[in-house]
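Hi,

Here is the structure I said I would pass on.

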Amino acid sequence: MNVTVRFGDVHAHDVLIGRGRLADLGDVVARCAPAHRCAVIADATVTALHGAAAAAALGAAGIDSLGLSFPPGERSKNRAEWQRLTDALLQARCGRDTTIVALGGGVSGDLAGFVAATFMRGVPLVVVPTTLLAMVDAAIGGKTAVDVPAGKNLVGAFHPPAAILTDPDLLATLPAAELRQGFAEAVKHGAIADAAHLEWIAAHAAALAAAEPAALDDLVRTSVAIKAAVVGRDPWERGERASLNAGHTIAHALERCSGFAIPHGDAVAIGLVVEARAGEAAAITRPGTADALARVLLRLGLPVRPPGLATAEVLAATRTDKKGRSGTPRYALLRRPGAIARTDNGGWTFALDDSLLARALEHG
Ligand SMILES: NC(=O)c1ccc[n+]([C@@H]2O[C@H](COP(=O)([O-])OP(=O)(O)OC[C@H]3O[C@@H](n4cnc5c(N)ncnc54)[C@H](O)[C@@H]3O)[C@@H](O)[C@H]2O)c1
Ligand SMILES: [Zn+2]
């Protein structure tokens with residue numbers, strides 16, 4: 001199955017989804033991003049697990065490939081690693097006729113994507129997501145970035161890929177805790193845009209938590225379609241894309257306050273529930289929405305209550321979120337499960353009183 005992601009009149013590409021499709025990587029590169037050479041960038045874990053299969057798929061289509069790897073984890077998503085990878089491409093005499101393949105989770109997508117966005121002023125990128133979070137979220141939307149000391153993702157570029165190749169077979173090696181991170185973003189997609197998807201997730205939570213292939217396939221297809229639709233309506237993040245930040249203002253604050261000990265998806269799960277509770281208290285969100293979300297998230301093994309962090313510190317951290325306007329945190333709130341709320345003048349985000357958030361954070 002294919003989903004098309006459109007970036008206005010400027011660009012469109014397909015997300016090619018199917019089990020075993022990693023074997024098509026050479027054909028996809030030849031068709032969507034033909035190049036003299038291909039550089040496959042992946043973290044060391046993904047290189048060990050899936051690097052050889054990617055290189056073989058390229059080789060079968062007669063494409064010469066160079067493998068570059070970096071240490072796994074968010075800590076590699078920085079300017080030093082961007083520089084090291086860029087210099088390695090130059091050293092290998094790669095030129096403008098190089099296609100970058102970002103193989104891996106969201107870290108590889110963002111880091112290798114930023115290398116592709118900047119190398120020789122931009123070379124084609126093909127993304128092969130290997131985590132559920134990357135398949136349903138990070139790979140879609142054309143954003144690339146690295147982290148800097150001032151914050152996450154603060155230096156980057158829009159650089160939509162030529163294609164995304166999504167092979168759910170690659171999830172077989174993914175640890176359960178990583179799979180769960182993707183569930184949180186899939187629940188978010190249902191929560192903001194598709195009540196039926198949310199109900200489907202609730203009904204199939206046990207199968208999803210057990211990583212049953214058929215359930216994962218359906219989840220990936222629907223979630224990719226939802227995110228692609230939102231991106232298509234607002235490719236450069238001027239309006240509706242803000243709805244994808246539901247749960248994220250609190251999530252980012254929890255991540256920062258915990259020194260990034262709370263994984264992103266876990267933080268999003270808690271953030272969705274806390275923000276829904278605050279939205280209910282502000283009479284923006286339909287009563288019962290927070291509890292309904294909590295039930296689904298718990299069934300997927302996700303946390304829904306903030307760990308013992310000081311409320312005042314979490315609220316202070318919301319004020320340094322880069323998406324806030326002049327220090328006032330903004331919240332993408334639900335109207336009800338499956339629908340985002342709009343402000344009276346058509347805006348996508350709300351300011352909320354700290355007292356409402358404090359109560360939602362401390363809800364038992
Ligand atoms: N660009 C965007 O729009 C966007 C959106 C959401 C998130 N992100 C970014 O995505 C990143 C998080 O992505 P992530 O959670 O995929 O992290 P990640 O890329 O670090 O992957 C998580 C872990 O799983 C391992 N792994 C990956 N695939 C595997 C597989 N198939 N089998 C076994 N292990 C595997 C990795 O080695 C890593 O240790 C963050 O940096 C975030 O900022 C970007
Ligand atoms: Zn997220």
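Charges first: the protein carries 36 positive and 36 negative side chains, with the centres of the two sets 4 Å apart. Lys and Arg count as positive, Asp and Glu as negative, with His and the chain ends not counted; each charge is placed at NZ of Lys, CZ of Arg, CG of Asp or CD of Glu.

Before you dig in, note that this is a predicted model, where local features need pLDDT of at least 70, side-chain atom pairs count only at pLDDT 80 or more, and totals for chains, interfaces and linings use all residues. Residues are numbered from 1 along each chain as its sequence is written, chains are lettered from A and ligands numbered from 1 in the order written, and side-chain values use heavy atoms, leaving out hydrogens and water.

On to the metal. The zinc ion (ligand 2) has Glu 185 (OE), His 248 (NE2) and His 264 (NE2) as its protein donors, at 1.9 to 2.1 Å. (Donors are N, O and S atoms within 2.8 Å of the metal, or 3.2 Å for Na, K and Ca; water is not among the atoms, so sites may look incomplete.) Along the chain the donor spacing reads E-x62-H-x15-H. His 248 is buried at 6% relative accessibility, while His 264 is partly exposed at 22%. Buried means under 20% relative accessible area, exposed over 50%, partly exposed in between (1.4 Å probe, protein chains only).

Overall, 55% of the 364 residues count as buried, and the C-alpha trace spans about 60 × 40 × 40 Å along its principal axes.

Cheers
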